[in-house]
Amino acid sequence: MQISKKQIEQVNDRIRALRQADSFYGKKLEAAGIDSITSAEDFEKLPFSEKSDLRDAYPLGLMTAPESDIVRIHSSSGTTGLPVIIPYTAKDVDDWGIMFRRCYETAGITNMDRIQITPGYGLWTAGIGFQNGAEKLGAMVIPMGPGNTDKQLQMMQDLQSTVICATSSYALLLAEEIQKRGIRDKIRLKKGVIGSERWGAKMRESIKNTLGIELYDIYGLTEIYGPGIGINCKYDTGMHYWDDYIYLEIIDPVTGKVLPDGEMGEIVITTLVKEGAPLIRYRTHDLSRIIPGDCPCGSRFPRIDVIMGRTDDMMKIKGVNVFPSQIEEILREFSELSSEYQIRISHLEGKDTMRIYVETTGSVDFAELSRRIAERVKSKIGFTPLVKVVEIGVLPRSEKKTKRVIDERYD
Ligand code: ZN
């Protein structure tokens with residue numbers, strides 16, 4: 001997906017703004033002696049930006065528009081070290097809403113839908129992003145925010161919500177609760193818009209089948225507006241993204257080289273019209289690929305595949321590179337297992353050890369099942385993990401992001 005003439009013009013406009021504001025990236029460009037680009041080759045020579053750059057700019061070093069134009073800030077959760085603060089102008093907030101409305105429309109959601117929003121409101125971009133887009137669409141919003149499952153289910157029944165917006169783990173929790181309480185016939189959900197974490201096909205199937213709804217993956221990150229920069233359509237052939245607002249590249253995470261369409265690598269995003277905090281070649285550390293060709297829906301917007309993991313999730317176990325998605329794929333082959341799992345990596349007696357915790361639904365021989373899973377991992381990836389089978393419901397489910405890989409080697 002080569003950068004177009006129009007996109008190059010937009011990038012030049014952002015380069016000018018960044019240099020003028022003397023922000024962190026403006027200084028980087030100045031140091032590299034770059035004040036404009038003329039070709040795709042030039043573009044690929046622009047330096048990357050990283051989360052650590054954004055953190056170094058804390059609190060307001062990213063601000064690229066005059067303060068009088070800034071109407072809001074958002075912040076990433078900052079699980080490690082300082083958070084990142086992203087300033088928005090009124091136009092940025094509006095553009096984000098337009099993109100999000102497009103996401104709902106791509107999912108076939110209309111102004112006659114009732115949208116129950118369960119992601120959190122506040123500093124982070126989740127709840128308010130879902131809300132802005134839904135209001136632009138003209139749908140009825142039920143702004144629940146996270147938690148309080150009893151109340152969520154009550155409102156879902158009383159207001160007859162037709163769309164649920166949630167993280168995948170909270171959607172699963174709600175689905176299980178609806179089943180447990182036997183209230184499936186009292187709810188009218190048709191669609192789920194699920195964001196913010198990588199999730200497996202098995203979990204997806206579980207939510208889909210329990211609730212009998214269509215599911216849509218929404219993509220986005222706080223540094224680049226928030227959720228709403230891409231979503232899959234009903235053909236479910238990857239997520240369309242809005243290339244009139246962002247330019248997206250896939251690079252080799254080790255060499256930094258741009259990869260051809262179709263190849264798996266790290267997503268790098270350039271914002272084309274963002275004013276408050278434009279980003280150029282921002283490394284997301286999300287793994288995906290650009291899907292070549294056209295979608296049967298006829299949309300002109302290009303597509304990326306579902307997020308396959310994070311570049312920093314890559315684990316080295318006994319000298320073998322492993323992605324959690326590989327383990328997940330193997331677990332999916334076992335119909336006896338639920339969609340929940342947990343991977344723990346530790347360093348014991350001079351050796352790396354991977355323990356995989358899984359849940360089983362039926363009355364099966366736990367020891368025999370764990371032996372079969374371990375053998376399958378050995379034959380597909382090349383090392384033998386310790387597999388612990390537990391009863392369904394034992395592994396943690398959370399209202400926020402569920403941590404499925406725990407690396408105890410660096411604790
Ligand atoms: Zn499509």
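Analyst: Glu-336 is buried, because its relative accessible area is 18%, under the 20% limit. This is a predicted model. Glu-336 sits in the loop between helix 10 (324-332) and strand 18 (337-348). Leaving out residues up to four places away in sequence, Glu-336 touches Glu-359, Thr-360, Thr-361, Gly-362, Val-364, Leu-369 and Arg-372.

Glu-333 is partly exposed, at 39% relative accessibility. Arg-376 is partly exposed as well, with a relative accessible area of 30%.

Side chains of opposite charge can pair when their charged atoms come close. The structure holds 29 salt bridges. Two further pairs deserve a look.

Take Glu-214 and Lys-191. Their side chains meet in a salt bridge at 3.9 Å, N to O. Glu-214 is in strand 7 (residues 214-221) and Lys-191 in strand 6 (residues 191-195). The two are 23 residues apart, and the pair links distant parts of the chain. Glu-214 is partly exposed, with a relative accessible area of 38%. Lys-191 is buried, because its relative accessible area is 13% and the limit is 20%.

Now Arg-283 and Glu-266. Their side chains form a salt bridge at 2.7 Å, N to O. Arg-283 lies in strand 12 (residues 282-288) and Glu-266 in strand 11 (residues 265-271), so the pair ties together parts that are 17 residues apart in sequence. Both Arg-283 and Glu-266 are buried.

Next, the domain setting. The protein is divided into domain 1 (89-311) and domain 2 (314-407). The C-alpha centres of domain 1 and domain 2 lie 27 Å apart.

The nonpolar side chains complete the picture. In soluble globular proteins, nonpolar side chains tend to be buried together. Here the largest nonpolar core has 66 residues, and Leu-46 and Tyr-104 have the most contacts inside it. Helix 5 (residues 90-106) gives the most to this core, with six residues. Apart from this core lies another, of 23 residues, including Met-315, Val-358, Val-377 and Val-405.

What does Leu-46 contact, leaving aside neighbours within four places in sequence? The partners of Leu-46 are Val-11, Ile-15, Tyr-25, Leu-29, Ile-34, Ile-37, Ile-280 and Arg-281.

Some nonpolar side chains are on the surface. Leu-60, Ile-73 and Leu-123 form a nonpolar patch there, with about 250 Å² of accessible area together. Leu-123 is in the loop between strand 3 (114-117) and helix 6 (126-137). Leu-123 counts as exposed because its relative accessible area is 53%, over the 50% limit.

Back to the starting point.

Definitions and conventions:
Residues numbered from 1 in each chain as written. Predicted model: local features only at pLDDT ≥ 70, side-chain atom pairs only at ≥ 80, totals over all residues. Heavy atoms only, no water. Core = buried A, V, L, I, M, F, W, Y, C linked by side-chain atoms within 4.5 Å. Buried < 20%, exposed > 50% of the residue type's maximum accessible area, 1.4 Å probe, protein only. Helix = DSSP H or I, 4+ residues; strand = E, 2+ residues; numbered from the N terminus. Contact = heavy atoms within 4.5 Å. Patch = residues over 30% accessible without salt bridge, like charges linked within 9 Å, V, L, I, M, F, W, Y side chains within 5 Å. Areas by Shrake-Rupley, 256 points an atom, 1.4 Å probe, with all protein chains shown as cover. Salt bridge = Lys/Arg side-chain N within 4 Å of Asp/Glu carboxyl O. Domains from an automatic or database assignment.
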